[in-house]
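Student: I would like to learn how to read a predicted complex feature by feature, with the general idea first and the particular case after it. Could we go through one together?

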Amino acid sequence: MRRDIFQAIADPTRRAIIALIALQAMTPNAIAEHFDTTRQAVSKHLRVLTECELVTQEQKGREIYYSLEIDKMKEIDEWLEQVQEIWEGNYKRLDALLAELKQAQKEERKK
Amino acid sequence: MKPAEVSTPSDREVLVKRSFDAPVNLVWQAYTDPALMRRWLTAMPGWSMPVCEMATHVGGKYRWRWRNNENGQEFGFTGEMLEVALHSKIAHTQMYDPGDGAFGSMGGEPSIVTVTFNETNGITNVATLIKYASQADRDAAMSTGMTDGMEMSYQSLDGVLAG
């Protein structure tokens, strides 16, 4: 089954893993040290991220290093950013409208 | 107020959360009175909302339509009210209406939009959950935002990594 990339990045632990390995490639053990969770749980998160092609693995000696696919991440980030900007544009206008309605209500009460 | 938070809780859903510095009765008014809706629900600069028919009873039909003031391009949404709870919840179906076709079609199944309102100390939290009929529909709807040709500032990884 193909993993859903948006679902993958909705999880806070997976987002934290992404932030961590964006800085440098890391082994599952090194990643697990940053979290209050088991090595198994971290491996499971890494598997989900790998299935979405958000991270890649590389064997170096006896260790496997995980690194972030920056381009793939950027693509998703831009996508969410666009959606966010459309909504926020509406909401900023709504802020202004609500301020106006509040003012009108206040003046109404004074009468 | 903090900017809107967009997340994807499942493979068919998009959740948008935002707080407003106003009591829920005013937010509700802005969400249900067509004259007020037109003033903020314009989607993007340079667009107007020539059609804004709203319904606030279960089974009622609504119709929203936007127009690009420059090139006349149109698109809209239509649907039916599934649930209306005063000052707390609106749920409706939502069908994409591609207007002149320039936006492309997005499949026939409606999505379900649920907006919940929650006031605490004069601040109203609004959560909008859009449940698409399929993952493909969701991806298509999200990519429409990208291809509208809007002047959007592409932020780098920072947003996600800081979060």
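Student: Which residue is the bridge partner of Val55(A) in β2(A)?

Tutor: The model is a predicted one, in which local features need a pLDDT of at least 70 and side-chain atom pairs count only at pLDDT 80 or more, while totals for chains, interfaces and linings use all residues. Residues are numbered from 1 along each chain as its sequence is written, and chains are lettered from A and ligands numbered from 1 in the order in which they are written. Helices (H or I, at least four residues) and strands (E, at least two) are DSSP runs, numbered from the N terminus, and two strands pair if DSSP finds at least two bridges between them. Here the partner of Val55(A) in β2(A) is Leu68(A), and six bridges join β1 (residues 55-60) to β2 (residues 63-68) of chain A, the two strands running antiparallel. β1(A) and β2(A) form a hairpin with two residues between them, and Gly61(A) in the turn has a positive phi of about 65°.

Student: Which residues of α4(A) are buried, and why do they line one face of the helix?

Tutor: An α-helix has 3.6 residues a turn, so residues three or four places apart point the same way. A residue is called buried if 20 or more other C-beta atoms, placed from the backbone, lie within 10 Å of its own, exposed if 12 or fewer do, and partly exposed in between. In α4(A), the buried residues are Val42(A), His45(A), Leu46(A) and Leu49(A). Seen down the axis of α4(A), these buried residues fall within an arc of 100° (taken from the directions from the helix axis to the C-beta atoms), so they line one face of the helix. They pack against α1 (5-10), α2 (12-23), α3 (28-32), β1 and β2 of chain A, whereas the face turned away from the buried side carries the exposed residues Gln40(A) and Arg47(A).

Student: Where does Leu54(A) lie, and is Leu54(A) buried or exposed?

Tutor: Leu54(A) lies in the loop between α4 and β1 of chain A, and with 23 C-beta neighbours inside 10 Å it counts as buried. For contacts, the criterion is that the C-beta atoms of two residues, placed from the backbone, lie within 7 Å. Leaving aside neighbours within four places in sequence, the contacts of Leu54(A) include Ile5(A), Ile18(A), Leu49(A), Leu68(A) and Met73(A). Glu53(A) lies in that loop between α4 and β1 of chain A as well, but with 12 C-beta neighbours inside 10 Å it counts as exposed, and its phi is near 65°, a positive value in a residue other than glycine.

Student: In what order do the strands of the open sheet in chain B run?

Tutor: The open sheet has eight strands in the order β1-β2-β8-β7-β6-β5-β4-β3 (chain B), with antiparallel pairing. Its edge strands are β1 (5-7) and β3 (47-53) of chain B, each of which pairs on one side only. Neighbouring strands of this sheet are turned by 20° against each other on average, direction ignored; the axes are lines fitted to C-alpha atoms, for helices over the stretch in contact, and angles run from 0 to 180 degrees between N-to-C directions. Helix α5 (residues 70-110) of chain A packs on the sheet, touching β1 and β2 (13-20) of chain B, and its direction makes about 30° with that of β2(B). Helix α1 (residues 24-32) of chain B lies across β2, β6, β7 (111-120) and β8 (123-131) of chain B, running at about 155° to β7(B).

Student: What average pLDDT does chain B have, and where does pLDDT stay under 50?

Tutor: The pLDDT is the predictor's confidence in each residue, from 0 to 100. Where it is low, the predicted coordinates should not be read in detail. Chain B averages 81, with 80% of the residues scoring at least 70, but pLDDT stays under 50 over residues 101-106 of chain B and over residues 145-163 of chain B. For the complex, the predictor gives an ipTM of 0.80 and a pTM of 0.75.
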